[in-house]
Amino acid sequence: MTHYKTDYAIIHAEILAGSQPHTIHEGGILVAQGKIQEIFPDSQQAAAKARQQGLEIIDAGGAWLGPGLIDMHIHGCGGRDTGEQDLQ
């Protein structure tokens with residue numbers, strides 16, 4: 001079983017935030033228990049709060065981040081369909 005970290009911060013990201021009228025450049029987010037807790041318009045603010053809480057800080061290096069968005073368009077591989085019951 002894969003275990004994912006649930007508490008961390010992502011900084012230096014181009015954030016597509018539905019709550020903002022535009023893209024947040026060089027922003028950051030804080031995630032706690034696997035849920036977005038806060039979106040910051042400035043990476044330094046996010047990093048400072050993450051350090052206060054002892055969170056791991058992940059540097060996105062300018063990558064795009066779409067909090068809450070998921071990719072529903074997927075395909076199988078090797079000629080398989082993702083709807084097949086037995087993918088072995």
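Select His12 in strand β1, which spans residues 8–15. Helices (H or I, at least four residues) and strands (E, at least two) are DSSP runs, numbered from the N terminus. The model is predicted: local features need pLDDT of at least 70 and side-chain atom pairs count only at pLDDT 80 or more, while totals for chains, interfaces and linings use all residues. Residues are numbered from 1 along each chain as its sequence is written, and side-chain values use heavy atoms, with hydrogens and water left out.

Stay on His12 and show its side chain together with that of Asp59: a polar contact of 3.2 Å joins them. A polar contact is a pair of N or O atoms within 3.5 Å; within protein, one must be able to donate a hydrogen and the other to accept it, and residues adjacent in sequence count only if both atoms are side-chain atoms. Next, display what surrounds His12. Leaving aside neighbours within four places in sequence, His12 is in contact with Glu26, Gly27, Ser43, Gln44, Asp59, Ala60, Gly61, Gly62 and Ala63; contact means heavy atoms within 4.5 Å. On the backbone, His12 has a positive phi of about 55°, although it is not a glycine.

Buried means under 20% relative accessible area, exposed over 50%, and partly exposed in between (1.4 Å probe, protein chains only).

Two strands pair if DSSP finds at least two bridges between them.

- β2 (residues 24–32): five bridges join this strand to β1, and the two run antiparallel. Look for Ala9, which stands opposite Leu30 in β2.
- β4 (residues 56–59): this strand pairs with β1 in the parallel sense over four bridges. Ile11 stands opposite Asp59 here.
- β5: two bridges join this strand to β1, and they run parallel. The bridge partner of Ile15 in β5 is Leu65.

Move on to Gln33, in the loop between β2 and β3 (35–40). Gln33 has a positive phi of about 55° and is not a glycine. Its relative accessible area is 70%, so Gln33 is exposed.

Return to β5 and select Trp64, which lies in that strand. Trp64 counts as exposed because its relative accessibility is 56%. Accessible areas come from the Shrake-Rupley method with a 1.4 Å probe; for residues, only the protein chains shown count as cover.

Select Gly68, in the segment after β5 (64–65). Gly68 counts as exposed because its relative accessibility is 68%. Its C-alpha atom is separated by 8.9 Å from that of Ala17, 51 residues apart along the chain.

Finally, show the whole chain. One helix and five strands are present, in the order β-β-β-α-β-β from the N terminus. Of the 88 residues, 25% count as buried. The chain exposes about 6600 Å², of which carbon and sulfur atoms supply 52%.
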